[in-house]
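Take a look at the model below. The text after it leads you through the chains, one topic at a time.

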Amino acid sequence: MSDHAVSLPAGTGSIGLEASGPRGPKPRHVFSRRNIFLYGTLIVVALYYLLPLYVMVVTSLKGMPEIRLGNIFSPPLEITFEPWVKAWSSACTGLNCDGLSRGFWNSVRITVPSVILSIAIASVNGYALANWRFKGADTFFVILIVGAFIPYQVMIYPIVIILREIGLYGSLSGLVIVHSIFGMPILTLLFRNYFSSMPEELFRAARVDGAGFWGIYFRIMLPMSLPIFVVAIIIQVTGIWNDFLFGVVYTRPDTYPMTVQLNNIVNSVQGVKEYNVNMAATILTGLVPLVVYFISGKLFVRGIAAGAVKG
Amino acid sequence: MTRIENPSVSIQNPSVSIQDLSLNFGAISVLETLNIDVAEGEFIVLLGPSGCGKSTLLNCIAGLLDVSDGRIFIKGKNVTWEEPKDRGIGMVFQSYALYPQMTVEKNLSFGLRVAGIAKDEIAKRIARAAEILQIEPLLQRKPSALSGGQRQRVAIGRALVRDVDVFLFDEPLSNLDAKLRAELRVEIKLLHSKLQNTMIYVTHDQIEAMTLADRIAVMKGGVIQQLDAPQTIYNRPVNRFVAGFLGSPAMNFLDGRLEKDDGNWHFAFEDVRIPLATYAFEKQPVPGAAVFGIRPEHVAFNSGAGWPFTATANVVVVEPMGSDTLVWLKLGNQNFTVRVTSERTPNNADTVSIGFDPMRASLFDAATGNRL
């Protein structure tokens, strides 16, 4: 290398250009207009959403006399966990006085099988629609998607009749089936789009290698689809856990899910309104979806952006 | 489009035989009554521009697409309705299509495990394939930890372990950079001479086709235009499409007329007349509009006498390419390129004399594009 430009000593600028002046990264000021707007907006929005939660937590830790003072924003003078205990184990709904615990376990018994069943079926649906273009696949898909646009309320009564006829009305398994069916359109769409975004040659290679429908599904597709399964699980867990309508329609009081029980505790008309117990009960009910979000947040974002994920 | 009756279609005991294969997607015809016989151990390249149906044909042979009509034989067995795994084929894809969650070893053994082959037999076959392809140190890695060339080697290995009769390659080198492509091209050629398997190779790259093929099938619009040895296709293209598709820089085409006077045939355009005494006509010529084609490297530069045809032309652009130089000329009013060695590079706007022998040219009918 006998190039002339290379042998110039460091720092020797080209002739005619100013020697001092801006160099390297441009300095950024902490209190620049951009930062003030950005963080200002973020803080305001965060406060707006967190304030109700703060009030709930604070109220749930106060005794009733303190609540009656009316200072809803002030922190508790005497912290008590009694409302939480009461909400969980001894608040009365109708005839039962064993708190939300009964509803919690009912909700678990509804949510877990519904999530597993709906995701298992929808993922196979989506896989078949994306990779095995059978005759009438498009028609089938359109029908399924149209199903997503029909309001649930329209179908409540017919489903009551159907469940009664097959003898599942009022049982948890009836509700599990209802949840699985109603999760089908959106989940199938989700899985179909995910599997469609996978390179088609992978599927072809597996076929040349002799793997069949289930072989490709379990050995090739499943191991590559963790993100989309996490998304589906989050959608289903929160959706089914938070469901009120189906819970109140298709179950009996002793099989009510947590949301229905919460409603019954909060809206009970006899006696004093125990705001602290109500707040504690509400937080307890909302805790499960919150925990799911916190645990799987990163995977959730990855799965949502899965269209861009390449194998 | 004209159907070309190829004398080499009737091969004794072909390894792969395709008979009257058609494929339609609705009203769109992708392949039209296609016939091709591939001999045992032959390396056939399907060459054509994108959308010509070459990959579709390969997928039909592999059994990944159902055909609309016709039959496919592999090793004398009618496999038209067989599943891909039962056809005795291995396939290598453009995007490698390695299973990302499996190690190289698991990738190689996947097909064997699905088929339920004994463990020690699987180990033996993987060891052999890994040795042939020199991927032994990579066996425990995941595909994401491999370079493009290594991935494609593993993909070839996956076809290798299955111990198949026929290898199908679907543009296997298109995703690699130019240097690696050249390296792997040689490796594939070596692999073929070592294994002596039948190989069917799809590409749009004419260099790959010329270097690898025993025979090339040039395709356009779902029809095989010409099926022949690379040199024959290069020197005696059957129509204007084949002539223009092969060769870089492309063949020169001059529009003019075929004329006969004094008992000798001439190709005439503007005031130029090219004598065709040395040209071997395909059939009895008739006067009329025609296209004269000659490859840039078949034209000599600064030549004196001794050529059946000489002319002077103006230089328009000079493109030095290192080993040789491409000179763009105006011959009359038509563009004309000449490839010369770098030492003989003229200046822009020079007037130069050129010469060539019409023996090496190709004449095409102006209307049909067929060779005359």
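**A walk through the model**

Among the 139 residues of the largest nonpolar core, Leu46(B), Leu168(B), Ile200(B) and Ala217(B) touch the most other members. A nonpolar core here is a set of buried Ala, Val, Leu, Ile, Met, Phe, Trp, Tyr and Cys residues joined through C-beta atoms within 7 Å. A residue is buried if 20 or more other C-beta atoms lie within 10 Å of its own, exposed if 12 or fewer, and partly exposed in between; the C-beta atoms are placed from the backbone. Helix 7 (residues 172-197) of chain A gives the largest share of this core, 10 residues. Apart from it lies another core, of 11 residues, including Ala87(A), Ala91(A), Leu100(A) and Met279(A).

This is a predicted model: local features need pLDDT of at least 70, side-chain atom pairs count only at pLDDT 80 or more, and totals for chains, interfaces and linings use all residues. Residues are numbered from 1 along each chain as its sequence is written, while chains are lettered from A and ligands numbered from 1 in the order in which they are written.

UniProt, in an unreviewed entry, annotates "transmembrane region" at residues 36-57, 110-128, 140-163, 175-195, 216-241 and 277-295 of chain A. UniProt positions follow the numbering used here, feature names are shortened, and annotations may be inferred rather than shown by experiment. Residues 110-128 of chain A are 100% helix and 0% strand, with end C-alpha atoms 27 Å apart. Residues 175-195 of chain A are also 100% helix and 0% strand; their end C-alpha atoms are 29 Å apart. Helices (H or I, at least four residues) and strands (E, at least two) are DSSP runs, numbered from the N terminus.

Now see where the chains meet. 15 residues of chain A are in contact with 16 residues of chain B. Contact means that the C-beta atoms of two residues, placed from the backbone, lie within 7 Å. Helix 8 (200-208) of chain A gives the largest share of the side of chain A that touches chain B, 6 residues.

Move on to chain B. Chain B has 8 helices and 20 strands. Of its 372 residues, 41% count as buried. UniProt lists residues 16-246 of chain B as "domain: ABC transporter" (unreviewed entry). That span is 37% helix and 26% strand, and its end C-alpha atoms lie 25 Å apart.

Next, a sheet. In chain B, 4 strands form an open sheet in the order 2-1-4-5, with antiparallel pairing. Two strands pair if DSSP finds at least two bridges between them. The edge strands are strand 2 (28-38) and strand 5 (77-78) of chain B; each pairs on one side only. Strand 1 (residues 16-25) and strand 4 (residues 69-74) of chain B are joined by 5 bridges. Val16(B) has Ile74(B) as its bridge partner in strand 4 of chain B.

Val16(B) is also one of the residues that Ile200(B) touches, not counting residues up to four places away in sequence. Others include Val38(B), Leu58(B) and Val166(B).

Is Thr203(B) buried or exposed? Thr203(B) counts as buried because it has 25 C-beta neighbours inside 10 Å. Thr203(B) sits in strand 8 (residues 198-203) of chain B. Leaving aside neighbours within four places in sequence, Thr203(B) is in contact with Val45(B), Leu47(B), Glu171(B), Glu208(B) and Ala209(B). Thr203(B) and Ser55(B) are 148 residues apart in sequence, yet 8.4 Å apart in space, C-alpha to C-alpha.
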